[in-house]
Amino acid sequence: MSTPSSVADVGEHALIARVRARVPPAPAWVAVGLGDDAAVVEPARNLLEVLTTDALVEGVHFDRAFTPPRAIGHRALAVNLSDLAAMGASPRSALLSLALPPALPLADFEAMLDGFMALAAAHGVALVGGNITRSPGPLMADVTAIGTARRRRVLSRAGARPGDEVWVSGEIGAAAAGLQSLTAGGRAGEPMAACEAAFLEPQPRVRLGTLLGRNRAASSCVDLSDGLADGLHQLAEASGVGLVVDGAAIPVSAGARGWFEARHADPLAAAITGGDDYELLFTVRPRGRSRFETVRRQARGLRLTKIGTVRREPGVLMTRGGMSGPVPSGYIHFR
């Protein structure tokens with residue numbers, strides 16, 4: 001008998017068994033986990049549940065020609081953890097649904113699981129259920145993630161007020177440059193290796209989000225999986241305010257800056273509209289600065305940069321070189 005080489009060779013039940021073999025023993029609060037028609041979990045005492053879902057579709061969010069299977073699994077969970085982080089929630093559990101082309105190599109399936117489970121373990125996320133089905137077209141990974149937060153510690157996009165400071169975590173543009181590099185055939189030196197890693201295995205800012213919520217240090221927050229430009233517009237619209245951003249203050253990744261400049265593109269414009277940053281954009285009230293300073297001390301060296309202020313007048317503007325103009329809309333789905 002030949003050794004099975006594709007997911008079609010082993011079938012749904014054997015694939016589910018391979019998932020279960022990778023899942024560690026369930027926490028005590030999981031009453032019924034993998035293997036039944038639905039998961040049953042005990043609610044966390046005195047905490048709200050925060051739920052989010054997101055799907056990665058081959059040909060839209062990744063290309064298997066240059067995205068390793070392990071990175072697909074990692075990214076499928078990372079995008080959801082980033083959403084929880086933006087809400088100030090601590091991740092707790094997840095559901096994973098996979099739509100698989102029959103010819104998908106079994107080794108690729110297992111590597112996807114490895115990437116997902118490694119990130120889950122790093123953030124204490126229990127995989128409690130999901131689904132596996134056949135796809136006649138592209139591969140798809142759909143994740144629902146559940147986190148918890150205290151009622152008065154939940155963050156949202158809607159709390160910014162005139163006079164608040166606008167801050168962003170990490171650096172901007174690396175993933176966008178990394179995607180372009182991967183599409184062009186691969187890394188061209190160490191800076192691009194870091195940019196490619198930023199796209200393939202983004203690190204959601206879970207700790208920062210929980211710190212901002214726990215300390216009530218942010219008045220509003222949004223994740224930047226669709227890019228800084230999009231995040232600025234989303235936050236301003238939800239809060240009913242305007243924003244003024246200093247272009248010179250935006251922390252564009254050095255690798256991204258070099259990549260875009262070498263291709264005669266405006267590094268700042270390309271960085272803020274590129275997407276896949278998985279950073280957090282948030283606002284801080286001046287009178288809450290002491291709480292924010294506590295967060296900065298506990299953020300383990302994560303770069304946090306003030307890039308602007310909130311104003312009453314509508315619109316999202318960026319000042320640059322003595323000039324002021326509207327911030328572009330950023331990444332748009334279905335365009």
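These legends describe close-up views of a predicted model. Local features need pLDDT of at least 70 and side-chain atom pairs pLDDT 80 or more, while totals for chains, interfaces and linings use all residues. Residues are numbered from 1 along each chain as its sequence is written, and side-chain values use heavy atoms, with hydrogens and water left out.

**View A. Helix 2 crosses helix 4.** Helix 2 covers residues 12-22 and helix 4 covers residues 106-122. Helices (H or I, at least four residues) and strands (E, at least two) are DSSP runs, numbered from the N terminus. The two axes come within 11 Å and cross at roughly 35 degrees. Axes are lines fitted to C-alpha atoms, for helices over the stretch in contact; angles run from 0 to 180 degrees between N-to-C directions. The crossing is right-handed, meaning that the near helix is turned clockwise from the far one by less than a right angle. Helix 2 contributes Leu 15, Arg 18, Val 19 and Arg 22 to the contact (heavy atoms within 4.5 Å). Helix 4 contributes Leu 106, Phe 109, Glu 110, Leu 113, Asp 114 and Met 117. By class, the contact has six nonpolar, no polar and four charged residues. Ala, Val, Leu, Ile, Met, Phe, Trp, Tyr, Cys and Pro count as nonpolar; Asp, Glu, Lys and Arg count as charged; the others, Gly among them, count as polar.

**View B. Helix 3 also crosses helix 4.** Here the axes come within 6 Å and cross at roughly 35 degrees. This crossing, too, is right-handed. On helix 3, the contact residues include Pro 69, Ile 72, Gly 73, Leu 77 and Leu 81. On helix 4, Ala 111, Met 112, Gly 115, Phe 116 and Leu 119 are among them. The contact has 11 nonpolar, three polar and three charged residues.

View C. Two strands pair if DSSP finds at least two bridges between them. Strand 4 and strand 5 run parallel, joined by eight bridges. Leu 95 has Gly 129 of strand 5 as its bridge partner.

**View D. Helix 7 (residues 206-214) is mostly covered.** Seven of its nine residues are buried, where buried means under 20% relative accessible area, exposed over 50%, and partly exposed in between (1.4 Å probe, protein chains only). The buried residues are Val 206, Leu 208, Gly 209, Thr 210, Leu 211, Leu 212 and Gly 213. Their packing partners include helix 3 (69-86), strand 4 (90-100) and helix 11 (289-298). Just after helix 7, Arg 216 has a positive phi of about 50 degrees.

**View E. Thr 309 lies in strand 11.** Thr 309 is partly exposed, at 34% relative accessible area. Beyond neighbours within four places in sequence, Thr 309 contacts Asp 164, Val 166, Gly 242, Leu 243 and Val 244. Ala 249 is 60 residues away in sequence and 12 Å away in space, C-alpha to C-alpha.

**View F. Cys 195 and Cys 221 are buried.** Relative accessible area is 2% for Cys 195. Cys 221 has 1% relative accessibility. The count of disulfides (pairs of cysteine sulfur atoms within 2.5 Å) is zero.
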